[in-house]
Amino acid sequence: MATITRINGRLNTTLLGEAVAIELDISKEEGARAVQAVLDVITRAVVAGHPVAVTNFGTWAPVHRPARIARSPITGEPVAVPARQELTFRMSDRLREHVAAEDPATATIRKHPKTTKATV
């Protein structure tokens, strides 16, 4: 059974790697490599224009913002805003429920175990 890691503050990449290492009972170096690999794969997918969906967590999706003319809030003059790629994140309902509950001890995105059907 994996150890549940308690997070006490801001979680950066290094601390995330250490937490993964504790959860998986592996070395800190292996945990850091695992985190870096996941982040690299997500990055390559969204840069290539593909959404990345993690069940019970959320979806990262690249979004194209077309060029437009905006107004300067100070002068009121028109300003050309170039087209650009952005990234959106939409959290899943399950993650949203955990965030609302504010109970880190029970927060997980693991699937619920399958139940056996009762036979009559």
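Me: How many aromatic pairs does the count come to?

Reply: The model is a predicted one. In it the count comes to three aromatic pairs. One of them joins Phe57 and Trp60, with 5.9 Å centre to centre and 35° between the planes, and this pair is tilted.

Me: Which residues do the ring pairs link into a cluster?

Reply: The cluster consists of Phe57, Trp60 and Phe89, linked by ring pairs.

Me: Is Trp60 buried or exposed?

Reply: Buried is the label for a relative accessible area under 20%. Trp60 has 18%, so Trp60 is buried. Phe57 has 29% relative accessibility and therefore counts as partly exposed.

Me: Now the helices. At roughly what angle do the axes of helix α1 and helix α2 cross?

Reply: Two packed helices are described by the angle between their axes and by the distance between those axes. Here helix α1 covers residues 13-24 and helix α2 covers residues 28-47; their axes cross at roughly 115° and come within 7 Å.

Me: Is the crossing of α1 and α2 right-handed or left-handed?

Reply: The crossing in which α1 passes α2 is right-handed.

Me: Which residues of α1 and α2 meet?

Reply: From α1 the residues are Thr13, Leu16, Gly17, Glu18, Val20 and Ala21, and from α2 they are Lys28, Gly31, Ala32, Val35, Gln36 and Leu39. By class, the residues of this contact divide into six nonpolar, four polar and two charged.

Me: Where is the place of His50?

Reply: His50 lies in the loop between α2 and β1, the latter being residues 52-54. At 46% relative accessibility, His50 counts as partly exposed. Leaving out residues up to four places away in sequence, His50 touches Ala45 and Pro62. His50 and Pro62 are 12 residues apart along the chain, and 6.9 Å separates their C-alpha atoms.

Me: Next, the strands. In what order do the three strands of the open sheet lie?

Reply: Strands of a sheet pair through backbone hydrogen bonds, in either a parallel or an antiparallel way. In this model three strands form an open sheet in the order β1-β2-β5, and the pairing is antiparallel. The edge strands are β1 and β5 (84-91), each of which pairs on one side only. On average, neighbouring strands of this sheet are turned by 20° against each other, direction ignored.

Me: How many bridges join strand β2 to β5?

Reply: Eight bridges join strand β2, residues 58-65, to β5, and the two run antiparallel.

Me: In which sense do strand β3 and strand β4 pair?

Reply: Strand β3 (residues 68-71) and strand β4 (residues 78-81) pair in the antiparallel sense, over four bridges. Within this pairing, Ala70 stands opposite Val79 in β4. The two strands form a hairpin with six residues between them, and Gly76 in the turn has a positive phi of about 80°.

Me: Does Asn56 count as buried or exposed?

Reply: The limit for buried is under 20% relative accessible area. Asn56 has 19% relative accessibility and so counts as buried.

Note on methods
Residues numbered from 1 in each chain as written. Predicted model: local features only at pLDDT ≥ 70, side-chain atom pairs only at ≥ 80, totals over all residues. Heavy atoms only, no water. Phe/Tyr/Trp six-rings, centres within 6.5 Å; stacked < 30°, edge-to-face > 60°. Buried < 20%, exposed > 50% of the residue type's maximum accessible area, 1.4 Å probe, protein only. Pairing = 2+ DSSP bridges. Axes fitted to C-alpha atoms, helices over the stretch in contact; angles between N-to-C directions. Left-handed = near helix turned anticlockwise from the far one by under 90°. Contact = heavy atoms within 4.5 Å. Nonpolar A, V, L, I, M, F, W, Y, C, P; charged D, E, K, R; others polar.
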